[in-house]
Amino acid sequence: MTTTGEGRRDRRKRQTRATLSMTALRMVAEHGLDHVTVDEISEAAGVSPRTFFNYFTCKDEAVIGDAVVDEERLVARLAAVPAEVPAVATLRTAFAELVEDVQADRDLWCLRMRVVERNPALLSRLVTIGVRNERTITAAVAARLGLPDDHDYPALVAAVTGAALRTCLGQWARGDGARPLTALVEEAFATLAAGLPEPPRPRDPSPPPTLSDPGRLSHNQSEETP
């Protein structure tokens, strides 16, 4: 997404980074993480390995791409939400732009999630990113509520909302983006705000015994007889 006031040089850097990330994703999806090198990614993207390392420290980082919450943007979004809005609803509003950006890049994100599922070694990097994101969110929520950084509540809110986003993203990607991510996130956050009520349980599909099934009736009756 183009940033207001972005110069030509910054735009070219952003485009180069996006090209490297997409190239890495496509190559790893086709050949597997262990069978793709930085040199091969760089050649396919039309840049040198030196240029690659100007943007990423390794191929794993290129595959995962930009998944870190922009702290300044998040804090600004949180500050724009009225103070009386509860924390979970506030974060849903603050995450709206992020969710819409991900949905707009459906092909990229669906491919990224499939690649991660097929290459478990990438999970550790995602976990590390998730921890960084949660710390950022924890600090932002604590500041909004006037609580100390070590208070349990901001950390809990950051953890459960982060888990909700990850769950929605995985479900969305497995469905190849058929259902809007925004709708999945809206439902998940509404469930959180309601206190995680249990969904209706499925009914037993087996029909009750009838007089036309005397064998089943007699079997049940014999089990009930002392």
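Helices in these legends are DSSP runs of H or I with at least four residues, strands are DSSP runs of E with at least two, and both are numbered from the N terminus. The model shown is predicted, so to speak of a local feature takes pLDDT of at least 70 and side-chain atom pairs count only at pLDDT 80 or more, while totals for chains, interfaces and linings use all residues. Residues are numbered from 1 along each chain as its sequence is written, and side-chain values use heavy atoms, with hydrogens and water left out.

View 1. The protein has 11 helices and zero strands, giving the pattern α-α-α-α-α-α-α-α-α-α-α along the sequence. It holds 226 residues, of which 34% count as buried. Buried means under 20% relative accessible area, exposed means over 50%, and partly exposed lies in between (1.4 Å probe, protein chains only). Contact means heavy atoms within 4.5 Å. Among contacts between residues at least 6 apart in sequence, 64% join residues at least 24 apart.

**View 2. Helix α2 and its buried side.** Helix α2 spans residues 38–45, and its buried residues are Val 38, Ile 41, Ser 42 and Ala 45. These four cover an arc of only 95° around the axis, which puts them on the same side of α2; the arc is that of the directions from the helix axis to the C-beta atoms. Their packing partners are α1 (8–31), α3 (49–55) and α4 (59–64). On the face turned away from the buried side, look for the exposed residues Glu 43 and Ala 44.

**View 3. Helix α7 crossing helix α9.** The axes of α7 (residues 106–118) and α9 (residues 152–174) come within 9 Å and cross at roughly 100°. That makes α7 roughly perpendicular to α9, a label for angles of 65 to 115 degrees; under 35 counts as roughly parallel, over 145 as roughly antiparallel and the rest as oblique. Axes are lines fitted to C-alpha atoms, for helices over the stretch in contact, with angles running from 0 to 180 degrees between N-to-C directions. Arg 106, Trp 109, Cys 110, Met 113 and Glu 117 of α7 meet Leu 169, Gly 170, Trp 172, Ala 173 and Arg 174 of α9. By class, this contact has six nonpolar, one polar and three charged residues. Ala, Val, Leu, Ile, Met, Phe, Trp, Tyr, Cys and Pro count as nonpolar, Asp, Glu, Lys and Arg as charged, and the others, Gly among them, as polar.

**View 4. The largest nonpolar core and Leu 181.** A nonpolar core is a set of buried Ala, Val, Leu, Ile, Met, Phe, Trp, Tyr and Cys residues joined through side-chain atoms within 4.5 Å. The largest one has 53 residues, and Leu 91, Phe 95, Trp 172, Leu 181 and Phe 189 touch the most other members. Helix α9 supplies the largest share of this core, eight residues. Beyond its neighbours within four places in sequence, Leu 181 is in contact with Val 99, Val 102, Gln 103, Cys 168, Leu 169 and Trp 172.

View 5. Thr 93 is found in α6 (residues 87–104) and is partly exposed, at 47% relative accessibility. Its C-alpha lies 9.5 Å from that of Ala 80, 13 residues away in sequence. Ala 104 also has its place in α6 and counts as exposed at 65% relative accessibility. Ala 104 and Leu 181 are 77 residues apart along the chain, with 9.7 Å between their C-alpha atoms.

**View 6. Positive phi in two loops.** Most residues other than glycine have a negative phi. Asp 176 has a positive phi, near 60°; this residue lies in the loop between α9 and α10 (181–193) and is partly exposed, with a relative accessible area of 47%. Leu 196 has a positive phi of about 55°, sits in the loop between α10 and α11 (214–224) and counts as exposed at 57% relative accessibility.
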